[in-house]
There are 2 protein chains.
Amino acid sequence: MRTLSSDVHKQIGKEVHVEGWLHKKRLMGGLTFINVRDRGGLVQVVIKDKDEVEKLRGMQIGTVLAVDGTAKEEPRAPGGAELHDVKVTVLVPVTDEPLIEIDKPLSHKPDNLDTLFDHRVIGLRNLQEQTIFKVQAKLLEAAREYFAQNGFTEMNTPKLLAEATEGGAEVFKLDYFGKEATLAQSAQFYKQMMVGVFERVFETNPTYRAEPSATSRHMTEYITIDAEMGFIEFDDLLTFTSGLVNHVVNRVWETYGDDLKKWNVDKPVLTDNFPRLTMKEVHELYAKNNQEDYSAEDDLRPDEERWICDYAKKNLGSEAVFVTEWPVSSMKFYHRKNAENPELADRSDLLFRGVEIATVPMREHRYEVLVQQLKDMAGGDPEHPGFKPYLSAFKYGLPPHGGFGMGLERFTEKLVGLGNVKEATLFPRDINRLSP
Amino acid sequence: MRTLSSDVHKQIGKEVHVEGWLHKKRLMGGLTFINVRDRGGLVQVVIKDKDEVEKLRGMQIGTVLAVDGTAKEEPRAPGGAELHDVKVTVLVPVTDEPLIEIDKPLSHKPDNLDTLFDHRVIGLRNLQEQTIFKVQAKLLEAAREYFAQNGFTEMNTPKLLAEATEGGAEVFKLDYFGKEATLAQSAQFYKQMMVGVFERVFETNPTYRAEPSATSRHMTEYITIDAEMGFIEFDDLLTFTSGLVNHVVNRVWETYGDDLKKWNVDKPVLTDNFPRLTMKEVHELYAKNNQEDYSAEDDLRPDEERWICDYAKKNLGSEAVFVTEWPVSSMKFYHRKNAENPELADRSDLLFRGVEIATVPMREHRYEVLVQQLKDMAGGDPEHPGFKPYLSAFKYGLPPHGGFGMGLERFTEKLVGLGNVKEATLFPRDINRLSP
């Protein structure tokens, strides 16, 4: 019967059997100490017997082992226990030294990311790397939990589309039995259509953008947490989104707070309902406190995003902030214009620790107005098969609705304090990278 | 303050405000009865006042309404309550009659599937259609819960690959910045590599197959529940898979058992650990009880799959059954040969209600053996960049491992008793269909 490394401390004085990978080996005062890694973490093993030590001669990190021994309390060992009087069995010998060190603290600086990704398969065995992706998995689990608590239904919508009708970003084209098809750049149309079915829907959604540049913020493939809810107004939407982020952060820190602390990652300071600043206010605050004035622009500069997040942390008690009241010049045809000021769109961006992690807009739900916006803003034909099914959802009744698309990797990146979104991606994809 | 239809019965005697879609309208004994649909289901509204009735003149199914009224007990109404003395507000008028009826029991026969899918956006508003996809969402939630209880880590692996190296099915090719790339036909290589990281991993995984035929069992895009676990043997794997299916079925029936009963869907009869029959036994049993003998074949015929499931239900007390001991002639290079009989592979297929819903094999985990199988069975070059990172996971230590790929839509289809996998897909894709 196998005992996980994380459970050895519950078996003090008893014989236990662990299985895992040789993760570290060192000689100290005539004794051989090894760390064995399994899905519970690490357990330290003390080997005295010469025959047992001999079995590990030439065995490199990664060697798969079984160890039988007696669990002893040892506060200085990982998990507070270690194994003594052991019998070692080599299950799978590894005789080549790995090309990347995995038993050291993480040190992926921006200048060695290519090395990191080239050796990703082995590099991910590093425990700090693992924490990033355990946090990401917990983030997803917590988000789904929050959706379930709030009456959302999970959906799976197609990524293979006849053509790109949504507009905006670059799309990938593929050969579909001799015809051309495209990869979905978002679930936008589908999530709105599905409001007519389930009222509240979400999807954790692979997203494809033929982004021709390799930056620290963009990839060609990533996961969007897509949500859409009907019978709500803008204020409900921002309140819901604040609640979701708070729930996720709390769940992540409940589970991995200790690990993140070791790594000098602070729990984000957040208000229950995130502060809201209009774009105009952001431009003005930035201009007043910096050398540059971007008030004439209809978007935020990355510099402004970073600065306003610092500002919000210091002055508004929150590392997350909504930027509202976007000019109509930057809106998509399916966004809703503000009822009182038609120069503004009912859109907000959620900024967190210096970057936009979600766009959070209301949609135009009135069929006639939407058709007009489609024609005026996107030059679209409502009878086109790429638009007609989408528009039919409105023709046959959609309530006021809004939602968000939240970038999983960006959110993870900022939660755990990384510098590049690719570091929060198991196997990142960009213009230069399609492997491993 | 809005009350959901499903909560009206908790407010008997009180004034409530509901919002939703007009789902049905009929006149009876001088009264107008309407059903309002929201995410909680339906609530019946009794309208006596002529001015209120007048507001609904010309309003079609789908009209978005707010209704204020008094909740009264009414055992014959959906949810056991209805609204009286109401004030109706039309929020979004719908004046066109929908092209598909959504207030009737479901009747998607194989001969009208194209109509069903052409009008999918509105057709999904049918409550029985909704049940299919609520069951599917619950299935996913329950599977993830079971994975979490058993120490699995969720992962997200790329679907954009430099090329198809896994072999087997047809792949889609896309234009990747002037180069050719392919869409992943499975997460096979990634989930095995990730065993070296987290030991136990899962992914709910969009899967792409350039399947040139339109059958009732195949689509070009679907979701696979992919799982892989290390430090296990074949028996553990089959036991785990049996446990997962049982957990999912129990959770689905706890939540939607009453809905499924109305729809004449029986809860599957399952043993805790599903019965195991070798392929030879299946061929023999089939031959003994039917006109045909397929013993010479190295795969199962669809007829055999159906028949053996009936047999297992009647004779072995389980509607799920594992077929084991597959001939090596049908194995992939990464499958493991049986240690005692190298003519057999350590593979099983999980059959459920007549179809294969999962392939459940052990993998070859020894680097040298795997490299040899790659060369011999697939003609692959271990130095090829499509194989090298995959093989490095083995070179630097992988324990014995196995896993499964379970088709979400097929499992849903059989759980709720449908006849075509596309009926269990929101927006199905096949050689003929890329929209809506």
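Modeller: Two strands pair if DSSP finds at least two bridges between them; strands (E, at least two residues) and helices (H or I, at least four) are DSSP runs, numbered from the N terminus. This is a predicted model, where local features need pLDDT of at least 70, side-chain atom pairs count only at pLDDT 80 or more, and totals for chains, interfaces and linings use all residues. Residues are numbered from 1 along each chain as its sequence is written, with chains lettered from A and ligands numbered from 1 in written order.

Biologist: What makes S4 and S5 of chain B paired strands?

Modeller: The criterion is at least two bridges, and 9 bridges join S4 (residues 64–73) of chain B to S5 (residues 81–92) of chain B, running antiparallel. In chain B, a closed barrel of 5 strands with mixed pairing runs S1-S2-S3-S5-S4.

Biologist: How do you know that the two copies are related as by a two-fold rotation axis?

Modeller: Copies are superposed by least squares on the C-alpha atoms of residues with pLDDT of at least 70 in both. A rotation of 180° with 0.0 Å of shift along its axis brings chain A onto chain B, at RMSD 0.0 Å. The two copies are therefore related as by a two-fold rotation axis. In chain A, the C-alpha nearest the axis belongs to Leu174(A), 2.0 Å from it.

Biologist: Why do the copies meet through the same surface?

Modeller: Contact requires C-beta atoms, placed from the backbone, within 7 Å. Of the interface residues of chain A, 100% are also interface residues in chain B, so the surface is the same.

Technical notes. Two residues are in contact if their C-beta atoms, placed from the backbone, lie within 7 Å.
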